[in-house]
Amino acid sequence: MKSATLTQGGPGRARLARLLSRREYQSQALFLIILVLLVLGAIHVAAGNLEESSGKSGFAFLWEKASFELGESLIPYSAGDTYFRAFVVGVLNTMKVAALGIVCSTIVGLLIALGQLSKVLVISRFCRGYIEIVRNVPLLLQLVFWHTFLIRGLPTVRHALSPVDGVFLTNRGLYLLSPVAEASFVPVLLALLGGAVLAAGLCFWHRRTGTIFPFWPWGLLVTFLPAIVTMIIAGAPISWDFPELKGFNFKGGMTISPEFTAMLLGLSLYTGAFNAEIIRAGILGVPRGQTEAGLSLGLHPGQVMRKIILPQALRIIIPPISNSYLNLTKESSLGVAIGYPELVRVANITLAETSQSLECISIIMLIYLILSLITSLILNILNARTAREAY
Amino acid sequence: MSELVLARAPWWRRLYAELTRSPLSAVLNIAALIAIVLVLTPFVSWALIDATWIGSSGDACPVTGGACWAFIGAKLRLILFGRFPYEDQWRALFGAIILVALVVLSLNPAFWRKWLLAVWGVGLGAYGILMWGGVFGLSYVESSLWGGLPLTILLTVFGVSFGLVLSVPIALARQSKLPVFKTASIIFVEAVRGVPLISVLFMASVLLPLILPDGFTPGGLGRVLIGLVLFLAAYMAEVLRGGLQAIPNGQYEACRSLGISYWPMILKVILPQAFETVLPAMVNLFIGALKGTSLVVIVAMMDLLGAAQAALADPKWIGFYVETYVFAGLIYALMCGSISWYGRQTEKLLRDMRGNSNDRG
């Protein structure tokens, strides 16, 4: 039977026939056909529905004028700019809160992890309790709570709370003193840079000659002394702009909106609890013998931590923690619920205004997909490097 | 020696020994304890000592006083059940209990038998009758009225169970040697895992009506469920893939040499072992799903968080948001905590079972 099909047509047709007679190829072909039919059907129905609602489609609307304001933005934006610019503002706001959130959540995670590993029982139990509670309450609830607290619990501008000079907590936002560069800013900065380069050079030279350049006190001294000397000669490089109550609001300094504060607080505390578990697992994952071996070779505890424990712990920590960073970036989309103008919020307002749902949602998905891809790329490079360093 | 003595000492003696292991540690413990007490005292006095427990409106609670639990008392039914018809709320309660019971049963590997499917069928039937009504003298309740804690439980249980069912073929396809299935699975899983849940929910609630013909579009609840199931399925498939990879090749080879064909091998040999390996990760996903259901608030549904926010809108009670969110957060924390406790118990049970069978073999 098989030989009969083989001899019927040319070798190409025979091969095709043989392929088609195998079950796995039949099932794959069937799957593809059904998938294509479903997609075509969906497109057909969607086209009909769109025509019915006389909606436009395509991304041309991005160059039309948007009529909404956004609470905060890193680039100048106001109503009347294009939708495209609004989306750029959204992406920048997402990146801003994600970047700061990643830094803060790592610090929170490190502190809680070290607390949990502490020999002091009360501290370790307290940190355990923090993790158990914060991890088990939805992030959205925490965000909404912080936001409500910041706009309802804090006093009005007139009765602003000022725990430290130059810091005002009000229900309209945080007012902080902001640094202003003086004339001596550039020379002091250059001196600092020069000191750092010198210290790095000395460190490198010592390493080549096989000795260790002590960080304390020489490293610090070489790094900071030039800057301090310049400062004494040229004066302080930075002065502070204090916020002052003028009329109905504060002028000067910088303002941090309650939405941004709530986002940063919520994301850092929530993701921090997850990071704490990851960091703890990483530190515990390095066998105790490594510490003992390092100490018995005559290294300081600090050197053991830096040169032996940390590089090995990082190898365990980096993959899960970068996943956690990615989660934080995606979870910053919850800003839509409290009015922080990040990507999803901008897309949501645009969707309501232009009713171009298909386009807006695909923009959200595309940008997050790109962010995910970039993160996993960086992760892979980092992972490869830590794996290589180990050998 | 002292360890041996301590092991038999009462717990307070052991705790004392642990706290005072060295003079330094004793001092640090006391300092930490004092710091924590100082931090927690205002909170405890707010929550318990200065709190108002009884009252019929916001005037009962002094502005500068402690927590106003009277508010929670007055709004309890609204927070817990949302807009479900008041006299019929017992139905939502029983429905939720049925779902929880089904999950508790299913999480135990000892019950992974065929009759479990029958139990699920009966349970879901009873659940549908209770929630929708319209028969046996029960009045009809539209699904848009379902809300509060029962809605949170419904979304979680249905999202997780359907997601689990859907995740099996996706994970198998990703393991498969057939390029079409493998590619489709990779694209689906990576695309869903790369975007936030809220965008999937938006897509489900905005896009589904667009691409489905008129009359086939599910209601708001159905659309949200579809989005949730697709989202969870991608994550579960990824977890399950890890479990499938952990299964030694010998298992497949043994099946082949015994002449067992593909599907019986997968269903009876491979999947039970894979699920056992990934149980802890699945429990974590379960907790994530429970927390994730709170996002349906953003697409205008009233789950536990949404109902809590709705309770805050009463002009007779202004400004008791801390109490409300603490209460709702406590419910979430209790639910998630008990799931993770149950997961740990099951894990221990499984480890003991496996340890015993290894001893015998």
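A: This is a predicted model. The domain assignment of chain A gives domain 1 (2-52) and domain 2 (83-137 + 266-389). The centres of domain 1 of chain A and domain 2 of chain A lie 44 Å apart, taken over C-alpha atoms.

Chain B has 14 helices and zero strands. Read along the sequence, its pattern is α-α-α-α-α-α-α-α-α-α-α-α-α-α. Chain B is divided into domain 1 (1-30) and domain 2 (76-360). Between the centres of domain 1 of chain B and domain 2 of chain B there are 44 Å, taken over C-alpha atoms.

Now the outline of chain B. Its C-alpha atoms fill a box of roughly 75 × 75 × 40 Å along the principal axes. Chain B has 361 residues, and 33% of them are buried. Next, take the contacts in chain B with a separation of 6 or more. Residues 24 or more positions apart account for 68% of these.

Go inside chain B, to one pair of helices. Helix H10 of chain B covers residues 220-246, and helix H12 of chain B covers residues 262-292. The two pack at an angle of about 145 degrees. Their axes are 8 Å apart. The crossing of H10(B) and H12(B) is right-handed.

Which residues of H10(B) and H12(B) meet? From H10(B) come B:Leu232, B:Tyr235, B:Met236, B:Val239, B:Leu240, B:Gly242, B:Gly243, B:Leu244 and B:Ala246. From H12(B) come B:Ile270, B:Ala274, B:Phe275, B:Thr277, B:Val278, B:Ala281, B:Met282, B:Leu285 and B:Ala289. By class, this contact of H10(B) with H12(B) has 15 nonpolar, three polar and no charged residues.

Is B:Gly222 buried or partly exposed? B:Gly222 has 14 C-beta neighbours inside 10 Å, so B:Gly222 counts as partly exposed. B:Gly222 and B:Leu155 are 67 residues apart in sequence. In space, their C-alpha atoms are 9.8 Å apart.

Then take B:Gly95, found in helix H5 (residues 89-106) of chain B. B:Gly95 has 23 C-beta neighbours inside 10 Å, so B:Gly95 counts as buried. The cut-off for buried is 20 or more. Leave aside the neighbours of B:Gly95 within four places in sequence. B:Gly95 is then in contact with B:Tyr127, B:Leu130, B:Met131 and B:Pro150. B:Gly128 is 33 residues from B:Gly95 along the chain. The C-alpha atoms of B:Gly95 and B:Gly128 are separated by 8.1 Å.

Now step out to where chain B touches chain A. Here 40 residues of chain B are in contact with 40 residues of chain A.

Chain A has 14 helices and seven strands. The radius of gyration of chain A is 29 Å, well over the 21 Å that the globule rule gives for 391 residues, so chain A is more spread out than a compact globule. Along the principal axes, the C-alpha atoms of chain A fill a box of roughly 95 × 65 × 45 Å. Buried residues make up 30% of chain A. Take the contacts in chain A between residues at least 6 apart in sequence. Of these, 66% join residues at least 24 apart.

A:Gln290 lies in helix H10 (residues 288-296) of chain A. A:Gln290 is partly exposed, with 14 other C-beta atoms within 10 Å. Not counting residues up to four places away in sequence, A:Gln290 touches A:Ile308, A:Ile309 and A:Gln312. A:Gln290 and A:Gln312 are 22 residues apart in sequence. In space they are 9.7 Å apart, C-alpha to C-alpha.

Definitions and conventions
Residues numbered from 1 in each chain as written. Chains lettered and ligands numbered in written order. Predicted model: local features only at pLDDT ≥ 70, side-chain atom pairs only at ≥ 80, totals over all residues. Domains from an automatic or database assignment. Axes fitted to C-alpha atoms, helices over the stretch in contact; angles between N-to-C directions. Helix = DSSP H or I, 4+ residues; strand = E, 2+ residues; numbered from the N terminus. Left-handed = near helix turned anticlockwise from the far one by under 90°. Contact = placed C-beta atoms within 7 Å. Nonpolar A, V, L, I, M, F, W, Y, C, P; charged D, E, K, R; others polar. Rg over C-alpha atoms; globule rule 2.2 N^0.38 Å. Buried ≥ 20, exposed ≤ 12 C-beta atoms within 10 Å, placed from the backbone.
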